[in-house]
Amino acid sequence: MPCLDVQIPAADGHSNGTLHLPESAGPWPGVLVFPDAGGVRETFRELGDRLAGMGYAVLIPDIYYRAGRWTPFDVATLFTDDNERARMRGLVAPLTNEAIIADAGAYRDFLLARPEVTGSAIGTTGYCLGGRMSLIAATGLGHTIAAAASIHGGRLAVTGDPSSPHLAADRITATVYVAGAQDDGSFTAEQAALLEGALTSAGVDHTIEFYPARHGFAVPDNPTYDSAASDRHWAALRELYRAHL
């Protein structure tokens, strides 16, 4: 798939990213992909190519651009190495809800201004940390987000957390798809029920389901990658975007 290195004007500087395009003639609907906590790396470029192959112009930004040049993580050891976990927390810290929405607005504007992209709204998806970012973006960008997906995302509905996305469910106009992982402390059945109630009360068209796979199941370089669950998430994204973009 054609892939362009791009520099995206963002809220606090410039985010270096990649724009993945189908082989066929465009323009195409745009999709914004938020990476997991490991950040942009080769496996996400491959994910971008696969999504582009489904007929979308796919933007993958560096969500940690505020840090400047940063050393990529090895996701095989990221969550077992205390120093690496601390470094990751430092990169994540600036990503408040306000910053996420501001960045997402800049990424949306970049996509919609591209000649390769058609329409007045985009889709979003995100993995792990990016799944939460996808829903937060939907709470802040209104009708310019037509469909928002969270794949093994965490902290989507946390009691007592004023930044929890479920508290802003009434601001979401997108159709929402959430794929949770089994035995995932970052998104439990109780949290899913809380999110379900918030989205239902707000009248948001949504689907929440749990896959029989562990957190990280959709990202190929993750030790918990599960090919069957990953294929299922691709089918769900295809259905979501085909219906709403």
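Modeller: A cavity is a set of grid points where a 1.4 Å probe fits but cannot get out, whereas a pocket is an open set with protein on both sides within 12 Å along at least five of seven lines. Rolling a probe the size of a water molecule over the atoms shows where empty space is left. By this rule there are three cavities of 30 Å³ or more. The model is a predicted one.

The largest cavity has a volume of about 70 Å³. Its lining is made up of Asp-36, Ala-37, Gly-38, Val-75, Leu-78, Phe-79, Cys-128, His-152, His-215, Gly-216, Val-219 and Asn-222. Sorted by class, this lining has six nonpolar, five polar and one charged residues.

Next comes the open space. The largest pocket has a volume of about 730 Å³. There are 29 residues in its lining, and Ala-37, Phe-79, Cys-128, Ser-186 and His-215 lie nearest its centre. Among these residues, Ala-37, Phe-79, Cys-128 and His-215 also line the largest cavity. The lining of the largest pocket divides into 12 nonpolar, 10 polar and seven charged residues. Helices α2 (82-92), α3 and α4 each supply at least two residues of that lining. The most comes from α2, with four residues.

Helix α3 covers residues 97-113 and helix α4 residues 129-140; their axes are 9 Å apart, at an angle of about 75 degrees. Angles of 65 to 115 degrees count as roughly perpendicular, and α3 and α4 are therefore roughly perpendicular to each other. On the α3 side the contact is made by Asn-97, Ile-100, Ile-101 and Ala-104, and on the α4 side by Arg-132, Met-133, Ile-136, Ala-137, Thr-139 and Gly-140. Six of the residues of this contact are nonpolar, three are polar and one is charged.

The second largest pocket has a volume of about 440 Å³. It is lined by 16 residues, and those nearest its centre are Asn-16, Arg-45, Asp-62, Gly-68 and Trp-70. Strands β1 (3-10) and β2 (13-20) are the elements that give two or more residues to this lining. The largest share, five residues, comes from β2. By class, six residues of the lining of the second largest pocket are nonpolar, six are polar and four are charged.

Past β2, the loop between β2 and β3 (28-34) holds Pro-27. The peptide bond from Gly-26 to Pro-27 is cis, with omega near 5 degrees.

Last, the aromatic rings. A pair of aromatic rings is described by the distance of the centres and the angle of the planes. The structure holds six aromatic pairs. One of them joins Tyr-56 and Tyr-241; this pair is edge-to-face, with 5.7 Å centre to centre and 65 degrees between the planes. Tyr-56 is in the loop between α1 (42-52) and β4 (57-61), and Tyr-241 is in helix α6 (residues 227-244), so the pair ties together parts that are 185 residues apart in sequence.

Technical notes
Residues are numbered from 1 along each chain as its sequence is written. This is a predicted model: local features need pLDDT of at least 70, side-chain atom pairs count only at pLDDT 80 or more; totals for chains, interfaces and linings use all residues. Side-chain values use heavy atoms; hydrogens and water are left out. Axes are lines fitted to C-alpha atoms, for helices over the stretch in contact, and angles run from 0 to 180 degrees between N-to-C directions. Angles under 35 degrees count as roughly parallel, over 145 as roughly antiparallel, 65 to 115 as roughly perpendicular and the rest as oblique. Contact means heavy atoms within 4.5 Å. Ala, Val, Leu, Ile, Met, Phe, Trp, Tyr, Cys and Pro count as nonpolar, Asp, Glu, Lys and Arg as charged, and the others, Gly among them, as polar. On a 1 Å grid over the protein atoms alone, a cavity is a set of points where a 1.4 Å probe fits but cannot get out, and a pocket is an open set with protein on both sides within 12 Å along at least five of seven lines; lining residues have an atom within 4 Å of a point. Grid points are joined across faces, edges and corners, and a volume is the space filled by probe spheres set on the points. Rings of Phe, Tyr and Trp (its six-membered ring) pair if their centres lie within 6.5 Å; planes under 30 degrees apart count as stacked, over 60 as edge-to-face and the rest as tilted.
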